[in-house]
Amino acid sequence: LRYYPNTMDAQNGVNIRAYMGRLLDGLKARGVHATFFLCNYRISAYPDLMPRYLAEGHELGNHSASHATLTACSSASLASELDLTNSAVERATGVRPVLMRPPGGAYNQTVLSAAGARGMSCILWSLDPQDWKFRSRDAVVGKILANVRDGDIILMHDMYPSSVDAALSVIDTLQAQGYAFVTVSELAALRQVSLAPGSVYSSLR
């Protein structure tokens with residue numbers, strides 16, 4: 001899972017805090033661990049939620065500071081995008097991210113080199129139900145259940161109630177089928193894959 005940006009949450013009537021809290025509550029109740037890719041501005045906006053992530057078994061990754069397209073950044077701007085979020089996560093939790101997800105999945109060798117220099121692997125996804133676009137619980141659930149495979153990295157967001165509803169519904173269905181939901185690093189360990197800094201991973205099948 002990752003955060004999807006909306007810099008005008010309140011003005012757009014998006015109750016991000018409520019959705020974040022309901023998702024975390026639902027994951028905790030189901031014993032599910034997820035990887036959350038955070039932007040710096042969201043960490044600043046909701047610092048009170050930060051202690052929950054690690055305490056409840058989740059993993060935190062870097063999703064840039066401002067959700068900039070990293071391939072379009074200057075070297076200095078790229079460094080700032082990564083360093084600001086790494087520092088914010090470390091201040092809030094005591095743990096420095098070892099994973100990053102470039103906004104929009106946009107990366108090049110410069111981005112990978114910058115991530116690698118900071119000890120971070122680049123994580124993409126193998127299943128994207130476009131929950132941010134369709135905003136339909138049933139459509140998102142249907143797309144995931146029709147395409148999911150063992151070892152997938154599923155990309156979802158917490159901007160809309162339909163996304164949270166879909167995530168929890170999918171978890172209930174797939175857990176009943178014998179699937180377990182784990183963080184990216186936990187999945188890599190189960191697959192005996194060492195996530196190399198500066199390398200790209202879209203699934204661990």
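Predicted model: local features only at pLDDT ≥ 70, side-chain atom pairs only at ≥ 80, totals over all residues.
## Packing of α1 against α8

Helix α1 (residues 16-30) packs with helix α8 (residues 161-176) at an angle of about 10 degrees, and the axes of the two helices are 9 Å apart. Because angles under 35 degrees count as roughly parallel, α1 and α8 are roughly parallel to each other.

On the α1 side, the residues that meet α8 are Tyr 19, Arg 22, Leu 23, Gly 26, Leu 27 and Arg 30, while α8 brings Pro 161, Val 164, Asp 165, Ala 167, Leu 168, Ile 171, Asp 172 and Gln 175 to the contact. Sorted by class, the contact of α1 with α8 holds 8 nonpolar, 2 polar and 4 charged residues.

Asn 62 belongs to strand β2 (residues 59-62), and it counts as buried because its relative accessible area is 0%. Leaving out residues up to four places away in sequence, Asn 62 touches Phe 37, Leu 38, Glu 81, Leu 82, Thr 85, Asn 86, Pro 97, Leu 99, Met 100, Arg 101 and Met 120.

The phi of Ser 64 is near 80 degrees, a positive value in a residue other than glycine. Most residues other than glycine have a negative phi.

## Arg 135, another positive phi

Arg 135 has a positive phi as well, of about 50 degrees, although it is not a glycine. This residue is placed in the loop between α6 (131-134) and α7.

Asn 108 has its place in the loop between β3 (99-100) and α5 (109-117), and at 29% relative accessibility it counts as partly exposed. A polar atom of the Asn 108 side chain lies 3.1 Å from the backbone nitrogen of Thr 110, and the side chain of Asn 108 also reaches the backbone nitrogen of Val 111, at 3.0 Å.

Looking along the chain, Asn 108 and Leu 70 are 38 residues apart, and their C-alpha atoms are separated by 8.7 Å.

## The loop between α7 and α8

Asp 152 lies in the loop between α7 and α8, and it counts as buried because its relative accessibility is 12%. The side chain of Asp 152 makes a polar contact with the side chain of Arg 205, at 2.5 Å, and a polar atom of the Asp 152 side chain lies 2.6 Å from the backbone nitrogen of Arg 149. With its neighbours within four places in sequence left aside, Asp 152 is in contact with Ser 126, Leu 127, Asn 147, Leu 187 and Arg 205.

Val 148 has its place in the loop between α7 and α8 too, and at 16% relative accessibility it also counts as buried. Not counting residues up to four places away in sequence, Val 148 touches Leu 127, Ile 154, Leu 174 and Tyr 179; Leu 127 is also one of the contacts of Asp 152. Val 148 and Glu 90, which are 58 residues apart in sequence, are 33 Å apart in space, C-alpha to C-alpha.

Conventions:
Residues numbered from 1 in each chain as written. Heavy atoms only, no water. Axes fitted to C-alpha atoms, helices over the stretch in contact; angles between N-to-C directions. Helix = DSSP H or I, 4+ residues; strand = E, 2+ residues; numbered from the N terminus. Parallel < 35°, antiparallel > 145°, perpendicular 65-115°, else oblique. Contact = heavy atoms within 4.5 Å. Nonpolar A, V, L, I, M, F, W, Y, C, P; charged D, E, K, R; others polar. Buried < 20%, exposed > 50% of the residue type's maximum accessible area, 1.4 Å probe, protein only. Polar contact = N/O pair within 3.5 Å; in protein donor to acceptor, adjacent residues only side chain to side chain.
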